[in-house]
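Trainee: Please take one part of this model and go through it closely. I would like to know how its pieces sit against one another, and which residues are involved.

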Amino acid sequence: MAVSSSEVAPRPAGAARRGHHPALALAVIAALQLMVVLDATIVNIALPQVQQALGFSTTDLSWVLNAYTLTFGGLLLLGGRAGDILGRRRVFIAGILVFTLASFLGGLATSAGWLLAARALQGVGGAIAAPTALALVTTNFAEGPERNRAFGVFGAVAGAGGALGLLAGGMLTSWLSWRWVLFVNVPIGVLLASLAPLYITESERQPGRFDLAGALTSTAGMTVGSFTAAAVLLAAFFSIESRTSQPITPLHMFADRNRAGSYAIMLSLAAAMFGMFFFLTLFVQDVFGYSPLRAGFSFLPVTAGIIISSQFAARSLPRIGPKRLMTAGALLATVGLAWLTQVSVTSGYLEGLLAPMVVFALGMGLLFVPLTVVAVAGVPPHEAGAASSLLNVMQQVGGSLGLSILVTVFGTASRNEASAQVAEFLRTAPPDAQAQFQQTGQLPAPWADQILAHGISTSFQLAVVFAAIALAVAVFVIRPLPKPEPEAVETVRAG
């Protein structure tokens, strides 16, 4: 039997072993990334059913999403550091197990508080596993075309996963119940935790310690409800990181203009994107009367748009460059959101929702690939965990904070519109309808739908501002990168 060179040649210090089943290793890593990304949106379609079952108000309902994304984003930095110090495969598996347990507990929830606690624990598990997933690509795939093709698969999964979550959520909610948007993670998580030791090689453990003070201040700063307290905690976080010898987040990563710009773009666009999915899933079910399954299918063109444009971006990146792709993507996203500000109770699906959603999706697809490339370019191997987590942090924190702000705008606009609609209802409605309103406090569908639509269209106006900020950063901050080497060009095309 032939003996490979890897069996007889010693590995350099710090180098990781590479497995003999790269396709299976990539499948496990990508499946975890898909599961984590899906869980940020798979619950969206089930929100009306969750609201009815557990007694959430419309504004409080956003915490079903934020409980997950805030703990996920807040602890990603610690998760990336843990993988570097303890071994990425070991931390990867631990994160999967925590995520799986939390999903099981969430599916059993009988109260709002129980569900929110389970969603927060899901975020913890995702934060442990997700940053090591991207870093494991470097452990299991040799630098060059092999690794870059793996990054291409990983990026496609991350880009389309959010929209696919809406479709999966619709199927599970319609065919089973809302609880299965959580239970579905259990068999998948058990399978991935079982396969990971077989096909994923462990990374070399890096010497170091955990920057717990940095982790606590960054996480608390991202999750505290008071903006003043959050600002103080985040200021303390940056002070700690600038003085500690082994920071959880090397601040010099922000010194690179393009990398810092890519973080700002992701932060701003995620703020708009999370709100868009949240409000439109409510709109199509409450105003259009769609079933969860039909609602899920109504977002399928978003998935197609992201996949198509992300593939175009990957193939065109060496020729067009990241700056032009980012600018075009941010412009399309801004146009799509501006179009959605016109949504009303008289809107149809094709012209009122589908067309602007597709424009937005094409823009986001153009952005994912160049943002990832710019964010990790030039990062040394020993900082791979921190680098791979920062872009995810920006996405999750941006989405959480953006959704919180948009929901606040929605609540204010809805209350103002409700006053006007109640006055109009009491002026024009027949006596029996008015009597029923006095008993239940609930307006009939036409008036209630108008309140919901007005609140949503108003929140989209602020979402346009978020996207416009991303566009400004792409135009004025991002600088063109040098033309890639021929091998890199061929690799991107292959990916």
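**Helix α12 and its partners**

Mentor: The axes of α12 and helix α15 (residues 322-340) cross at roughly 30 degrees and come within 12 Å of each other. That angle makes α12 roughly parallel to α15; angles under 35 degrees count as roughly parallel, over 145 as roughly antiparallel, 65 to 115 as roughly perpendicular, and the rest as oblique. An axis here is a line fitted to C-alpha atoms, for helices over the stretch in contact, and the angle, from 0 to 180 degrees, is taken between N-to-C directions. Helices are DSSP runs of H or I with at least four residues, strands are runs of E with at least two, and both are numbered from the N terminus.

Before going on, note that this is a predicted model, in which local features need pLDDT of at least 70 and side-chain atom pairs count only at pLDDT 80 or more, while totals for chains, interfaces and linings use all residues. Residues are numbered from 1 along each chain as its sequence is written, and side-chain values use heavy atoms, with hydrogens and water left out.

For the setting, the chain has 20 helices and zero strands. Of its 495 residues, 53% are buried (under 20% relative accessible area; over 50% is exposed and anything in between partly exposed, with a 1.4 Å probe and protein chains only). Among contacts (heavy atoms within 4.5 Å) with a separation of 6 or more, 84% join residues 24 or more positions apart.

Back to the pair. The crossing of α12 and α15 is left-handed, a term for a near helix turned anticlockwise from the far one by less than a right angle; clockwise would be right-handed. On the α12 side the contact is made by Ile265, Leu269, Ala272, Met276 and Leu280, and on the α15 side by Met326, Ala333, Leu337 and Leu340. By class these residues are nine nonpolar, no polar and no charged. Nonpolar covers Ala, Val, Leu, Ile, Met, Phe, Trp, Tyr, Cys and Pro; charged covers Asp, Glu, Lys and Arg; the others, Gly among them, are polar.

Helix α12 (residues 257-286) also packs with helix α19 (residues 445-476), at an angle of about 165 degrees and with the axes 9 Å apart. These two are therefore roughly antiparallel, and α12 passes α19 in a left-handed crossing. Their contact includes 22 nonpolar residues, with four polar and three charged ones.

The remaining side of the trio is α15 with α19, whose axes come within 8 Å and cross at roughly 165 degrees. That makes α15 roughly antiparallel to α19. The crossing is left-handed. From α15, the residues that meet α19 include Met326, Ala330, Ala333, Leu337 and Leu340, and those they face in α19 include Phe460, Ala463, Val464, Ala467 and Leu471. The contact divides into 17 nonpolar, two polar and one charged.

Now some single residues. Serine 262 lies in α12, and its 0% relative accessibility counts as buried. Its side chain reaches the backbone oxygen of arginine 259 at 2.6 Å; a polar contact is a pair of N or O atoms within 3.5 Å, where within protein one must be able to donate a hydrogen and the other to accept it, and residues adjacent in sequence count only if both atoms are side-chain atoms. Setting aside residues up to four places away in sequence, serine 262 touches Leu371, Val374, Ala375, Leu391 and Ile478.

Leucine 371 belongs to helix α16 (residues 349-376) and is buried at 2% relative accessibility. Beyond four places in sequence, leucine 371 is in contact with Ser262, Ile265, Met266, Met326 and Leu391. The C-alpha atoms of leucine 371 and methionine 266 are separated by 7.6 Å, although the two are 105 residues apart along the chain.

A polar atom of its side chain lies 3.0 Å from the backbone oxygen of histidine 454. Serine 457 touches Thr341 and Val343, again leaving out residues up to four places away in sequence.
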